[in-house]
Amino acid sequence: TTRDDEGVARRTSSRRDGVLGCARATMTMTLIIISSFFLALVPATYANGFKIEVAKLKINTPENVRGTYDVAIANFGRTLYGGSLSGTLTYPANTANSRQGCDASAVAIPDSARQSRGAVILMLDRGSCAFTMKVWNAQLAGADAVIIVDDRDEDLVTMDSGADADTGSYVSNITIPAVLARMVDGNSFDQAITMYGHVVGTLDWHDVLPHPDSRVEWELWSESNDECGYKCEQQNAFIVDFAPIAKQLEQDGYTQFTPHYITWMCAQNPDSRECKAQCINRGRYCAPDPDDDLSHGYSGADVVIDNLRALCVFDAANKTGTPWLWWDFVSQFTSACSMDSGRFAAKSCAEDVVRKVGVDLAKVNACIGDTNAD
């Protein structure tokens, strides 16, 4: 999997520039489940195999655009889960290149929007720079939320941050919500702003928090590969720091948690060198090579097996009513069996951690099964 330069997951197989999969693949694969490091509170929608977390944008005025629209929640910033934000939708004041938000000095909130009673929901066009840069510049200008308008006619996609250190230096300071709107919807809002001078609406995240019973259902999408740059460092730090909180919420019956991991299927030639190096079960389950070298270092198959083992730990623990033991396993595995330590692909290391956290090793191995089988 890859993302374009802006940070969107794409179903391609040639380059790596972000966390969604941290992927570099040299073979043709078909996506089965795409995984990234982010929290998702179901329900969500799916587009081209990607899970898209969706909020609602309710336009109140003017009449010709009144209605409720789906918008895709960004994988960064502060999402107001269970809340809403009402205000004026506006583009930046009319200066050169301001609509894309790539030049901080050109992003200015129009006086009419700034003087309104509600929040400033700044609209920016997609393109030319990273999503995170646009939102950061908007925040610096005083926006309370950002809507990025897609520049192509497509289904909603999830905006993500880059894996590079430069992005990491400011993305953690983004404290406003950001969403992506479809091009057709954004064009309608733009026309209404031009015609009537303003559009008033509400970003609503209430329905993103489902609770069919007394618990909030949530998901964590991650991967065992710990050498994909800033994003992997951020992911591992989050897991270790959040584990005590997640365990307590689960034990007290407030949440229902499910982990997910990346996996691919080798679509054309499971007997090829590339598929054999990066897949198990004859190409059914694959992951990109962590160091982009099929001949040396850890392989994609190593990553898949450790992802599978972690899922099987959750399965075994969940069946005994102790799903929170997954947090103990991944935290200790990250510390004891990292790639840097040289023990990542050592089965004995992972099995030692399984025993230490109190999960039935026999059930875990039975769940894993024969990774060489068809």
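This is a predicted model: local features need pLDDT of at least 70, side-chain atom pairs count only at pLDDT 80 or more; totals for chains, interfaces and linings use all residues.
At 3% relative accessibility, phenylalanine 257 counts as buried, because buried means under 20%. I then checked tryptophan 326, which has 0% relative accessibility and so counts as buried.

Next I went through the aromatic pairs. I noted 13 of them.

Tryptophan 218 belongs to strand β14 (residues 216–222), while phenylalanine 242 belongs to helix α5 (residues 230–251), so their pairing ties together parts that are 24 residues apart in sequence. I recorded tryptophan 218 and phenylalanine 242 as both buried.

I returned to phenylalanine 257 and tryptophan 326, now as a pair. Their ring centres are 5.2 Å apart with the planes at 50°, so this pair is tilted. I found phenylalanine 257 in strand β15 (residues 255–261) and tryptophan 326 in helix α8 (residues 325–336), so the pair ties together parts that are 69 residues apart in sequence.

I asked myself which residues form one aromatic cluster. My list reads Trp218, Phe238, Phe242, Phe257, Phe314, Trp326 and Trp327. The members of both pairs above are among them.

My last entry concerns a charge and a ring. I found arginine 99 over the face of tyrosine 91, at 3.8 Å from the ring centre.

Note on methods. Residues are numbered from 1 along each chain as its sequence is written. Side-chain values use heavy atoms; hydrogens and water are left out. Rings of Phe, Tyr and Trp (its six-membered ring) pair if their centres lie within 6.5 Å; planes under 30 degrees apart count as stacked, over 60 as edge-to-face and the rest as tilted. Helices (H or I, at least four residues) and strands (E, at least two) are DSSP runs, numbered from the N terminus. Buried means under 20% relative accessible area, exposed over 50%, partly exposed in between (1.4 Å probe, protein chains only). A charge sits over a ring if NZ of Lys or CZ of Arg is within 6 Å of the ring centre and within 35 degrees of the ring normal.
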